[in-house]
Amino acid sequence: MQQVLVVLTGAGISAESGLKTFRDAGGLWEGYRIDEVATPEAWQRNPQLVLDFYNMRRREVRKAQPNAAHLKLAELEQYFDVRIITQNIDDLHERAGSSKVLHLHGEILKMRSSLHPELIYPIDGDINLGDSAEDGAQLRPHVVWFGEPVPAMADALTWMEEADIFAVIGTSLQVYPAAGLLFHLNQFRPEVPVYIIDQKIPDVPIQPGWHLIEQPATLGVAVMADQLLSSLQS
C-alpha cells in the first residue's frame with residue numbers, strides 16, 4: 001500500500017507560473033482593498049466591481065501554465081498516494097496531472113448561484129451581471145471570500161488524519177483556517193514527517209525532525225522528491 005503524502009500548497013507555488021501572490025508588493029491585490037472585492041459585503045455593495053476583478057483573475061489563470069513544482073507533485077503519484085490541499089483557486093495542479101486536489105478557497109474556473117452554493121457550473125468566459133443560475137439568482141465566482149465558511153475543511157482534516165507524510169509548499173501559514181492544518185497535525189500526530197518548502201520559511205514554531213527547504217517551489221519540490229524517493233529505497 002502506498003504511503004499517503006498530503007500536501008498543502010499556497011500562492012508561492014503558482015507565483016512561478018506568473019500568478020502574483022497575495023502579499024507581494026505589486027501583487028494580486030494591489031489597487032484593490034480586500035473589502036472592495038473579496039467579502040460578501042463587497043458583493044452586496046458593488047457586484048460589478050467584484051465580477052470585473054475575478055474576470056481579470058480568471059483570464060490570467062487561463063494564460064498561466066503549470067511549472068516544475070506542479071509537475072513533480074503529479075509525478076510523485078507513481079510512488080505515493082498524493083493528496084493536494086490547495087489554498088489556490090487556479091487549476092494548475094489539475095493541469096499538471098494531479099488526480100486528488102481539494103480546493104479550500106474554491107475554484108476560479110467555476111461559478112455558482114449567489115443563493116444556493118450547491119448550484120455550481122463551469123465557466124467558459126466571464127460572469128456578467130444578469131447571468132443567472134437555474135434558481136434565478138445572480139451567478140458569482142465559486143470562491144470563498146473573507147468572512148465566509150470554508151466547507152472543504154472537513155475533508156481536509158480527514159486527509160490530515162490519514163497522512164503518513166505532510167508537506168507545506170509556498171504558503172506563509174498566515175491565512176486561517178488553512179494554516180491550522182499544520183498545527184492540528186503537530187498536536188494530534190506529531191510523529192508524521194513534515195516538509196516545509198518556501199523561499200522564506202514561515203515564522204512558525206519549528207519542531208525537531210522537520211525538513212526545512214528554503215527554496216522556491218520549483219527547486220524545493222525536486223529536493224523533497226529526491227529525499228522521499230531515497231527513503232523508499234533505503
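Student: At what angle do the axes of helix 7 and helix 8 cross?

Tutor: In this predicted model, the axes of helix 7 (residues 153–161) and helix 8 (residues 180–188) cross at roughly 35° and come within 10 Å. The crossing of helix 7 past helix 8 is right-handed.

Student: Which residues make the contact between helix 7 and helix 8?

Tutor: Helix 7 contributes Met153, Ala156, Leu157, Met160 and Glu161, while helix 8 contributes Leu181, His184 and Leu185. By class, six residues in this contact are nonpolar, one is polar and one is charged.

Student: Which residues of helix 5 are buried, and why do they line one face?

Tutor: An α-helix has 3.6 residues a turn, so residues three or four places apart point the same way. In helix 5 (residues 68–75), the buried residues are Ala69, His70, Leu73 and Ala74. Seen down the helix axis, they fall within an arc of 140°, so they line one face of helix 5. Their packing partners include strand 1 (4–9), strand 2 (81–86) and helix 9 (217–233).

Student: Which residue caps the N-terminal end of helix 5?

Tutor: Asparagine 67 does, with a side-chain oxygen 2.8 Å from the backbone nitrogen of alanine 69.

Student: Which backbone oxygens does the side chain of arginine 95 reach?

Tutor: Arginine 95 lies in helix 6 and is partly exposed, with a relative accessible area of 34%. Its side chain reaches the backbone oxygen of valine 61 at 2.9 Å; a polar atom of the arginine 95 side chain also lies 2.8 Å from the backbone oxygen of alanine 64.

Terms used
Residues are numbered from 1 along each chain as its sequence is written. This is a predicted model: local features need pLDDT of at least 70, side-chain atom pairs count only at pLDDT 80 or more; totals for chains, interfaces and linings use all residues. Side-chain values use heavy atoms; hydrogens and water are left out. Buried means under 20% relative accessible area, exposed over 50%, partly exposed in between (1.4 Å probe, protein chains only). Helices (H or I, at least four residues) and strands (E, at least two) are DSSP runs, numbered from the N terminus. The arc is that of the directions from the helix axis to the C-beta atoms. Contact means heavy atoms within 4.5 Å. A polar contact is a pair of N or O atoms within 3.5 Å; within protein, one must be able to donate a hydrogen and the other to accept it, and residues adjacent in sequence count only if both atoms are side-chain atoms. Axes are lines fitted to C-alpha atoms, for helices over the stretch in contact, and angles run from 0 to 180 degrees between N-to-C directions. A crossing is left-handed if the near helix is turned anticlockwise from the far one by less than a right angle, and right-handed if clockwise. Ala, Val, Leu, Ile, Met, Phe, Trp, Tyr, Cys and Pro count as nonpolar, Asp, Glu, Lys and Arg as charged, and the others, Gly among them, as polar.
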